[in-house]
Amino acid sequence: MGFGRFVVTKAVSYFLVLMATVSILYLATYSVIQKVITSSAEALAIEYRQNLLKSTHLSLTPAQIQTLTEDYQKSYLSQFAFNQPLPVKFAVQIYRLLTLHFGQSYVLKWNGSQNVNTIIAGYLPNTILLFTTATLILIALGTAIGLLAAKSAGSGWDRVVPIIAVIHSSLPAWWLGFLLIAGLGYDLKLFPTSGITAVPTPKGWLAIDLGVADHMVLPVLSILIVGLGGFAYIVRSLVISTMGEDFVLTARARGLSESRVLFRHVLRAASPAITTQAILAITGSFGGALVTEIVFNWPGIGLLTYMAIFDNDLPVIIGIVFVLTIILLVGLFIGELVYGLLDPRIRVSGD
Amino acid sequence: MTSQTKRVRPSLVKELAKSKSALVGVAILLVLGGLTVYSVAALPSSFSQRWQNGDAWVLYPVDAPPQWVTAFGYPEAPTVNVSLSHWTEQTISVGTENLTEYYASVSFKWSSKVFPQNIAFVPVFQGSPSAITVTWTKPGGGSIDVSVSSPASGAAYEAQSPSLVSATTQYLLNQTGQYDTQPTGQQVVSAFFGQPGPNILSSSTLKGTYQASVQVLASSPVKMSKSLVVVIGTSYGLMGTDNLGRPIDLGLLAGLPNALEVGFLVAIISVIVGIVFGGLSGYFGAKKDEVMQWVALVILAMPALPFLVVISFTTRLNLWVEVLLISALSWPFYAIIARTVALSVKSQTFVEADKAMGVPSYRVFSSHFMPRLIPVTVAYTVLGIPGGILLAETLYFIGIGPANLVTWGGILDSAFASEAAVFGFWWWVIFPGLMIIISAIPFVLLGFALERIIAPRVSTK
């Protein structure tokens, strides 16, 4: 099977996963979604009515305005098949959700707009920036440490394992954030502790980017400290188990240098499994990273969720759930493609 | 199956007992268990309501560090709680009236140079005494008389109560001849603990023995109970207090049973579902395996945190709903592990031999797969408990969870809202987080010991 066909099969499979996941989410949040649709219709209708009242050149009577507003509200609701039988409603609303029609927020705003899409689009890039940076550093450092640890297998590592496990399974990244804020931020004043840029915003793109990087240090650090040990440990075990395979022995017998064996043979063979583990680690740490944003006042999706909980802003929360599901699946899909690239066997035995 | 597991079980316990880290784990677990029993037994069921009620904590200092910091040279005033329990009774005549007088007295030593935050007197009685007079005698011999007419039982008379304010005004007038303004709470405390100078506020406390004598006058018999004199210092107890005066140690104790309960239940449910699902998936293989893997992926793709947030808006969360939701989102992780184990068993020649000999599939599953999956289940249940606790506390931290519950995450949430990290209230941040970690340690140690014992058996080499 060629790579193209592999991509297509995977794409179909992931699309089906997306449909199933979204359906479950939809059914679980059905009542909230209906509430959100009606409230959005009302909010938009009020806005529409005020626009009509302002546009005096149309010279409408109050009764006309009333009818127009009602018509507008009805047409918005009918876009969501609000009064249709359930199967139609299900299909139409899922379609609207997948095409990112989440309506208007109750309270929250982004640049004055209450459109949920605009709000999420405003916060999402910051989450992606923070999380991608942390993840890339985690994978690079974790793989390097894991390899080094595998080289010196059987040494002090085994004693460190329980400590790593405690950190990995119980240390909340957001709590660590608190400590970093108190220690490195306020006491030593090494790094900024809150937000994404300095106030007032510095001039010039370089100054702005450096400022963002500076603000990112502590949140990235707290995500790293929690995740790094666990990931390095997984890489180490995978590499050690690969080292026992016959082809490694062959490579050594051919007189290749130890580092060449490690990088060109062992790492290459272990990389599909490492990719799987990386994907699992990433999905697992995503929730914690979202909460870390709250502690650092990092204007991303996590902070948005926190504010939405505070304001009972249901449309925003619904929007976040669906957008994150789509993003997570796209991420997993890309991961799967990388997997396929790294391990030709997957492509062949894909069916 | 039975013969295999019977052989496994006793040796498992024996091998565990050999592992030092497992023993440490068991020891910590016993301590946590003891604290849980104590928490359930000692704290009344109404404790969570009391915790939410800010008025219930007036006798505690606010934002106070632990009392033991004084041992490290930090000048903090301790919180002193003395009770008046031995009341003497005598009848006295005032004019034509016969009154009963009740009297009690306590003294305590004060050695901190820092003024306390507040001072409070809490009379407890049955009946209706006409007046209470508290005579406060300082080490130097100066004394302040506080009179409360028609006192209320259980009420806290503190520095800003009218009776203490007027007593202080009178005292300062006598001492310095100055009568400027109504003294503030801080000035009242200053008058009770210091030598008033020309600026009324004195700079440091008088060290030595303080005495509080209480005289209760009543026209009808009154039953006096244990009353309190509380010097509300600037430090408190083992772990300090929060911005409402709530002791952190008490809150952590109250949050322990819930944390363990959620952790245990989430781990048991999600691991059993995950192992059965993943085990069967690996055992079936082929098309069925593919479908089951697909189902696991569907669940894995749900963004757990925001999803739970939405659900919390649709349903009133209670412990079970919360546990089931968290479990429903966590089992795929265990399914992946179990599937790997099942696949490795499946590739063994003895499985193929059994199949070739026509052994029924349920027997193949129970005799070869189950014995290897059960230890994995045990190990991962133990290892899964900290994950359950962590997710639950994370949810509490962002304000999602059953109402009226004292939780570690909730305490950290209020610390965050009050910017405890900014103000340097480290005790409010550190101890709840440490509890999350400490509650995880025994399970991680035990789980690892178990895994190490089980691993050679699973690999079937």
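This is a short chat about a predicted model with a chain A and a chain B.

Q: What kind of model is this, and what pLDDT do local features need?
A: It is a predicted model: local features need pLDDT of at least 70, side-chain atom pairs count only at pLDDT 80 or more, and totals for chains, interfaces and linings use all residues. Residues are numbered from 1 along each chain as its sequence is written, while chains are lettered from A and ligands numbered from 1 in the order in which they are written.

Q: OK, chain A. Which domains does the assignment give?
A: Domain 1 (3-98) and domain 2 (118-349). Such bounds come from an automatic or database domain assignment.

Q: How far apart are the C-alpha centres of those domains?
A: In chain A, the centres of domain 1 and domain 2 lie 36 Å apart.

Q: And how many residues are in contact there?
A: 17 residues of domain 1 of chain A are in contact with 13 residues of domain 2 of chain A. Contact means that the C-beta atoms of two residues, placed from the backbone, lie within 7 Å.

Q: Which elements give two or more residues to the domain 1 side?
A: α1 and α2 of chain A. α1(A) gives the most, with ten residues. Helices here are DSSP runs (H or I, at least four residues), as are strands (E, at least two), numbered from the N terminus.

Q: Back inside chain A. At what angle do α10(A) and α11(A) pack?
A: About 70°, with their axes 7 Å apart. That makes α10(A) roughly perpendicular to α11(A). Axes are lines fitted to C-alpha atoms, for helices over the stretch in contact, and angles run from 0 to 180 degrees between N-to-C directions. Under 35 degrees is roughly parallel, over 145 roughly antiparallel, 65 to 115 roughly perpendicular, and the rest oblique.

Q: Which residues meet there?
A: Among them are L290(A) and V291(A) in α10(A), and I301(A) and Y306(A) in α11(A). By class, that contact of α10(A) with α11(A) has six nonpolar, three polar and one charged residues.

Q: What about α9(A): enclosed or in the open?
A: Helix α9 (residues 246-253) of chain A lies largely in the open, because the number buried among its eight residues is zero. A residue is buried if 20 or more other C-beta atoms lie within 10 Å of its own, exposed if 12 or fewer, and partly exposed in between, with C-beta atoms placed from the backbone. Just after α9(A), G255(A) takes a positive phi of about 85°.

Q: What is the phi of N111(A)?
A: Positive, about 50°, although N111(A) is not a glycine. Most residues other than glycine have a negative phi. N111(A) is in the loop between α4 (86-98) and α5 (116-151) of chain A. It counts as exposed, with 7 C-beta neighbours inside 10 Å.

Q: And N312(A), what phi does it have?
A: A positive one of about 55°. N312(A) lies in the loop between α11 (301-311) and α12 (314-342). N312(A) is exposed, with 11 other C-beta atoms within 10 Å.

Q: Switching to chain B. How is it divided?
A: Into domain 1 (2-54 + 247-460) and domain 2 (75-232). Taken over C-alpha atoms, 54 Å separate the centres of those chain B domains.

Q: Is strand β11 of chain B enclosed or open, and why?
A: Largely enclosed by the rest of the structure, because five of the six residues of β11 (residues 227-232) are buried.

Q: Which strands pair with β11(B)?
A: β1 (residues 80-84) of chain B pairs with β11(B) in the antiparallel sense over five bridges. There, the bridge partner of S83(B) is L228(B). Strand β4 (residues 118-122) of chain B is also antiparallel to β11(B), joined by five bridges. Pairing takes at least two DSSP bridges between two strands.

Notes:
Nonpolar A, V, L, I, M, F, W, Y, C, P; charged D, E, K, R; others polar.
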